[in-house]
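Have a look at the fold on the screen, and I'll talk you through it piece by piece.

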Amino acid sequence: MASPEIETLTQALSRLPGLGPRSARRAVLHLLKKRETALDPLLAALTAVSQRLATCSTCGNVDTSDPCAICADPRRDTRQLCVVEEVADLWALERSRLFPGRFHVLGGKLSALDGVRPEDLAIDSLVTRISAGGIDEVVLAMNATLEGQTTAHYIAERLEGHPVRLTQLAHGLPVGGELDYLDEGTLAQALRARRPVA
């Protein structure tokens with residue numbers, strides 16, 4: 001049996017996504033065995049982030065500064081704005097290094113079943129950002145779920161009359177995907193979004 005402190009650490013780690021009780025125990029054992037090279041640096045990093053953690057007042061990203069590093073970067077294209085549901089979506093797109101513009105995090109998606117209404121999301125602040133001018137294109141990067149597409153449709157309605165070009169991420173066949181393994185929804189979207197062969 002481990003001490004109460006070690007058990008508390010194990011339980012805390014087991015609540016993280018992707019870690020169950022067994023994986024958490026293995027991680028704790030590794031941290032304890034490698035105190036100087038694993039535990040102490042992890043503790044220092046967690047303390048530093050905890051003390052400086054901030055939500056960007058411009059886009060809703062989570063960072064250690066406000067505005068976040070993306071909003072503060074003068075090299076970003078201020079005319080392009082990508083709207084995402086969650087910070088994890090922003091980070092995923094940012095890892096690709098393909099979008100040169102800035103972002104706006106909604107903080108979720110519309111869901112009647114879960115009681116998430118437009119006023120629960122950062123849609124009003126999105127409209128305010130666009131109304132201020134200087135944005136030419138808004139990319140709606142919602143997940144390909146019913147709630148995500150409902151959210152995208154609602155935002156498109158709210159932005160009617162604003163002089164911006166609305167675009168949406170393409171949906172369909174993944175690179176390297178085999179037709180035999182794809183679900184009907186993905187195949188249907190791929191067929192609807194078909195394009196001429198160059």
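Let's begin with threonine 10, which counts as buried because its relative accessible area is 7%; buried here means under 20% relative accessible area, exposed over 50%, partly exposed in between, with a 1.4 Å probe and protein chains only. Threonine 10 sits in helix α1, residues 4-14. By helix I mean a DSSP run of H or I of at least four residues, and by strand a run of E of at least two, numbered from the N terminus. What does threonine 10 touch, once neighbours within four places in sequence are set aside? Pro21, Ala24, Arg25 and Val28, where contact means heavy atoms within 4.5 Å. Threonine 10 and arginine 22 are 12 residues apart along the chain, and their C-alpha atoms are separated by 9.1 Å.

Quick housekeeping. This is a predicted model, so local features need pLDDT of at least 70 and side-chain atom pairs count only at pLDDT 80 or more, while totals for chains, interfaces and linings use all residues. Residues are numbered from 1 along each chain as its sequence is written, and side-chain values use heavy atoms, with hydrogens and water left out.

Now the whole chain. There are 8 helices and 6 strands, and from the N terminus they go α-α-α-β-β-α-β-α-β-α-β-α-β-α. The radius of gyration is 21 Å, well over the 16 Å that the globule rule gives for 198 residues, so the chain is more spread out than a compact globule. For the record, that radius is taken over C-alpha atoms, and the rule is 2.2 Å times the number of residues to the power 0.38. Along the principal axes, the C-alpha atoms fill a box of roughly 65 × 45 × 40 Å. Of the 198 residues, 28% count as buried. If you take contacts between residues at least 6 apart in sequence, 46% of them join residues at least 24 apart.

Take the pairs in turn. β3 and β4 are parallel over 5 bridges, with leucine 81 opposite arginine 102 in β4. β3, α5 and β4 make a right-handed β-α-β unit. Right-handed means that, with the strands pointing away from the viewer, the path from the first strand over the helix to the second runs clockwise.

β5 and β6 (residues 165-168) pair in parallel over 4 bridges. Glutamate 137 is opposite arginine 165 in β6, and valine 138 has leucine 166 as its bridge partner there. The crossover from β5 through α7 to β6 is right-handed too.

Staying with α7 (residues 146-158), that's where threonine 151 is. Buried or exposed? Threonine 151 counts as buried, because its relative accessibility is 0%. Beyond four places in sequence, threonine 151 touches Leu106, Lys109, Leu110 and Met142.

Last topic, the cores. A nonpolar core is a set of buried Ala, Val, Leu, Ile, Met, Phe, Trp, Tyr and Cys residues joined through side-chain atoms within 4.5 Å. The largest has 17 residues, and Val83, Ile130, Val138 and Ile155 have the most contacts inside it. β3 (77-84), α6 (123-131), β5 (137-141) and α7 each supply at least two of its residues, with the largest share, 4 residues, coming from α6. A second, separate core has 14 residues, including Cys56, Ile70, Leu90 and Val105.

Technical notes: Two strands pair if DSSP finds at least two bridges between them.
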